[in-house]
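Welcome, and thanks for taking a look at this one with us. Please have the structure open as you read, and follow along from one site to the next.

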Amino acid sequence: MLARLASQRLREIRQVIRQIPQTTRSLSTALNYHLDSPDNNPNNPWEFTEANKTKVKEILSHYPSNYKQSAVIPLLDLAQQQHGGWLPVSAMNEVAKIIEVAPIRVYEVATFYSMFNRTKVGKYHLLVCGTTPCMIRGSREIEEALLKHLGVKRNEVTKDGLFSVGEMECMGCCVNAPMITVADYSNGSEGYTYNYYEDLTPEKAVEIVEAFRRGEKPPRGTQNPKRINSGPEGGNTTLLGEPKPPPCRDLDAC
Amino acid sequence: MGLGSIASRALRSNTLRPGHTNLLRRSIVTTTELRNAEAAQAQPETPPPDLPPRTPVAGARVHFPNPEDAIEVFVDGYPVKIPKGMTVLQACEIAGVDIPRFCYHSRLSIAGNCRMCLVEVEKSPKPVASCAMPALPGMKIKTDTPLAKKAREGVMEFLLMNHPLDCPICDQGGECDLQDQSMAFGSDRGRFTETKRSVVDKNLGPLVKTVMTRCIQCTRCVRFATEIAGVQDLGMLGRGSGEEIGTYVEKLMTSELSGNVIDICPVGALTSKPFAFKARNWELKGTESIDVTDAVGSNIRIDSRGPEVMRVVPRLNEDINEEWISDKTRFFYDGLKRQRLNDPMIRGPDGRFKAVSWRDALAVVAEVIHQVKADEIVGVAGKLSDAESMMALKDFLNKMGSNNVLCEGNGPNPNADLRSGYIMNTSISGLENADVFLLVGTQPRVEAAMVNARIRKTVRATQAKVGYVGPATDLNYDHEHLGTGPQTLSEIAKGSHPFSSTLMNAKNPCIIVGAGIFERDDKDAIFSVVEAIAERAKAVRPDWNGMNVLLLNAAQAAALDLGLVPESDKGIESSKFIYLMGADDVNLEKIPEDAFVVYQGHHGDRSVYRANVILPASAFSEKEGTYVNTEGCAQTTVPAVPTVGDARDDWKIVRALSEVAGVILPYDSLSAIRSRMKTVAPNLVNVDEREPATFSYSLKPESQQKISTTPFKAAVENFYMTDPITRASKVMAQCSALLSKK
Ligand code: SF4
Ligand code: FES
Ligand code: FES
């Protein structure tokens, strides 16, 4: 009797649990701790290239000598560009050495910002905006199309090492939603670009990827030929006249 | 924060403010009323006149550096005077209101990231985080309003969102800030129905167990590691709900103070690994005692269950250890359960020990001691001996005609005449006033971790300079390695060394000489050079005494106070009868083959191998004993657990032996032996009071010794294993295997 009651209760509980959709957490960045691997461990030597060393000096000169640690973000960024779009532990250690702080202080920064990649990315790192305006305008479909076209999962690199797809939050381009960003690491830190491709459709996104594969540089910005930058389709519809000066002040007088 | 105080506060406000009883229930308040400043002001402001005076929380004291800087604020209507620069939270504490908090810790920098300490401040549009808000004159702080209450409930709900609520299997349960505060200030239900996050546990070494899912990201541990312990290993990684505490790369926490993160972690994220799942804290009996593993005499509480010491936690003592203790102090207690001697034993002709009765063992010792010449009798007190037993041993051997009683670590020829020559004259808390340190042959980090923490605190707070003479070592603050041997000292004394000008220009120079130097043959010469340096730097003045000796062992200072000075430095080599009272670090090779060795102690450590008779004694956790720490403060231990087997207190054994040997010592109670001690060294009975030394080295005769060029040696080889108890401890063995830097 009791056993039956118990098993019935259990079944009820199971049912309740099943009804709750299993929310999977997708964090845009990788793990918050480091796992040694052959291409990413503290024993791998890592140094800035000669050209970048002068850049490092340049960057450091922007800050007072007793606040060297302020240079952590620009230096990490430079290191990331030099290292093909991601930061191995040894690069972070090198940055820590340059700005004279404990390595953990650099790790803290690098794990905080999702634009620092701590695992390998492709030469072209595609970042799909996942925030509400873009999502409403179809960013999920774009991501799906990209993943399907490239045959990878999110944050995975294609076999040829060319592409990877990640997610980003709003990049301030909502007016041209949906959009993706392409971080181009194919030419090291000299040829590094970080371009927005806006007003996409799944097909457009795939086209852009293919253009990159062919080595082209598709024009950045809106992909809707009828728009100029973020202007409305087919030209302005409001605010057609000259803007009125503020009523309270005579601008010419000052 | 005790639940009791919170409950009593709740009760008090209940009885005192009949009009506000509804606050204690969970009431829904209309926000318009809350936000409306006019409405708040319209309420009568005068505090009810019959309010009893509130007492500051946890005896918080106000100290006004200069009285003009006092400001007045109102906490729940009570006016309180506080010095300028205090935070709202501190003002509330002084007014007797305990503000709930997680991230705020009075000894760490302010982070202001938990938001638990929200209070209402009149005319401020939002609740303010009291820990990070400086109190301003005339501020009207309200800690009991519906708005403050609601804010706390909200914060608590957020904190509990991702907290696993696994209190039944959590070692912190029962002494957890989160538990207590959610009971006192939290809501009775939450609205979160999503799945909770989980975090990978980190491996921080053999001492600290981590259950990172419980972490509430207060960053106390990160700040402790960075600021107090001086090891920048811990950090806050990630962000948002992915945020976690960790080291990023696999790394153990290699600090001698790492155990303190267990105490400061407000939840059960960082707990004690050796204590894990051993006991619940409400089953434990706390005994306030002191630590004997080094000469600092840290104040501890020994938590025991039945006959077993379950753990050791620090007690607050601002003058000695503040609220920290070293890892050795915290985790060596498992050594108290291993390798204990529990029966008197005699070594038979076959070389094996046989357990005998006390009567037989004492009879044998008494017989032998009468057969040797008086000057062939030597007594050695060990590192952990209390003053009572050293007094008894000295009296007993003196009665037997020998004056060869010494204490381990004090060297062959100690200076016991001038007290200032062997204690820390600046006092441990006084170190904070120094602006230049000169460390001579001492590595405080391993010799006295709490003194090192003070030096580090001073260096961090005031950028004090540290010069160090001795073998290369890893001090966790900026220091200048001046040299390795005594020649460097001579150079500084002559003024030819660059550091001497730093020293000369210092306002409060502080020279710390390591007790390792006591063992050197040219000890007197070194001391006179150091005194010359002190003279030049004006380190000893009526208002400042910067001439210090940092002792190594708990027994040393009391031994010198009692005059345990050997008659000749060849005592041990020419002896026929040696009484080792817990002395395990004497050089056993020096003891002649035919000498009769009595070992009285609690652990079967090194000397047992050479002993002819073993007399089991009780350890510091089992007896009442007086210890003097390196700054000259006498403190007593209190028995926390019963002794093992047939063991007895050290002084009682000596007293019994004296009777069997026919030279009865005239004391047979603790108070009697203490009054005997008082006649020799009155400071020993002034418990818990630091007795400064009156005369400085200026009384000392000139030394004719030549300084040798041998560099200084490290006095402590292995921080984790320095005495019989720590050597018996498994945890300490693990630590020295994993954490000691080779
Ligand atoms: S581990 Fe403990 S002390 Fe450290 S941040 Fe988490 S809750 Fe705070
Ligand atoms: S939401 Fe995609 S750019 Fe703002
Ligand atoms: S205690 Fe004030 S914010 Fe944490």
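## A threonine and its partner

In this predicted model, the side chains of A:T131 and A:E169 are joined by a polar contact of 2.9 Å. A polar contact is a pair of N or O atoms within 3.5 Å; within protein, one must be able to donate a hydrogen and the other to accept it, and residues adjacent in sequence count only if both atoms are side-chain atoms. You will find A:T131 in the loop between strand 1 (124-129) and helix 6 (132-136) of chain A. Helices (H or I, at least four residues) and strands (E, at least two) are DSSP runs, numbered from the N terminus.

Which residues does A:T131 touch, leaving aside those up to four places away in sequence? They are A:M168, A:E169 and A:C170, where contact means heavy atoms within 4.5 Å.

## How to read the model

Residues are numbered from 1 along each chain as its sequence is written, while chains are lettered from A and ligands numbered from 1 in the order in which they are written. Because this is a predicted model, local features need pLDDT of at least 70 and side-chain atom pairs count only at pLDDT 80 or more, whereas totals for chains, interfaces and linings use all residues; side-chain values use heavy atoms, with hydrogens and water left out.

## The annotated cysteines

UniProt, in an unreviewed entry, places a "binding site" feature at A:C129, A:C134, A:C170 and A:C174. These residues span 46 residues in sequence, yet no two of their C-alpha atoms are more than 9.3 Å apart, so they gather at one spot. One of them, A:C129, lies in strand 1 of chain A. UniProt positions are given in the numbering used here, feature names are shortened, and annotations may be inferred rather than shown by experiment.

Over all chains, a search of the whole structure finds 63 salt bridges, each being a side-chain nitrogen of Lys or Arg within 4 Å of a carboxyl oxygen of Asp or Glu. In one salt bridge, the side chains of A:E143 and A:R154 meet at 2.7 Å, N to O. This pair links distant parts of the chain, 11 residues apart: A:E143 sits in helix 7 (residues 139-150) of chain A, and A:R154 in the loop between helix 7 and strand 2 (163-168) of chain A.

Most residues other than glycine have a negative phi, and most peptide bonds are trans. A:A177 and A:P178 are joined by a cis peptide bond, with omega at about -5°; A:P178 is in the loop between strand 2 and strand 3 (180-184) of chain A. A:L239 is not a glycine, although its phi is positive at about 50°, and this leucine lies in the segment after strand 5 (221-222) of chain A.

## Where the chains meet

The contact draws 16 residues from chain A and 22 residues from chain B. The area buried between the two chains is about 1,800 Å², with carbon and sulfur atoms giving 53% of it; buried area is the accessible area (1.4 Å probe) that two parts lose on being put together, summed over both. Across this interface there are 9 residue pairs in polar contact, both at pLDDT 80 or more.

How many salt bridges are counted between chain A and chain B? The count is 0.

## Annotated domains of chain B

An unreviewed UniProt entry lists "domain: 4Fe-4S His(Cys)3-ligated-type" for residues 147-186 of chain B. That stretch is 60% helix and 0% strand, and its end C-alpha atoms are 13 Å apart. UniProt also places "domain: 4Fe-4S Mo/W bis-MGD-type" (unreviewed entry) at residues 284-340 of chain B, where the chain is 9% helix and 35% strand, with end C-alpha atoms 23 Å apart.

## Confidence

The model scores ipTM 0.84 and pTM 0.87. Chain A has a mean pLDDT (the predictor's confidence in each residue, from 0 to 100) of 88, and 90% of its residues reach 70 or more. Chain B averages 88, with 92% of the residues scoring at least 70.

Within chain A, confidence is lowest in helix 1 (residues 2-19), at a mean of 69, and highest in helix 4, at 96. In chain B, pLDDT stays under 50 over residues 7-49, for which the model has 33 contacts beyond four places in sequence. Where pLDDT is low, the predicted coordinates should not be read in detail.
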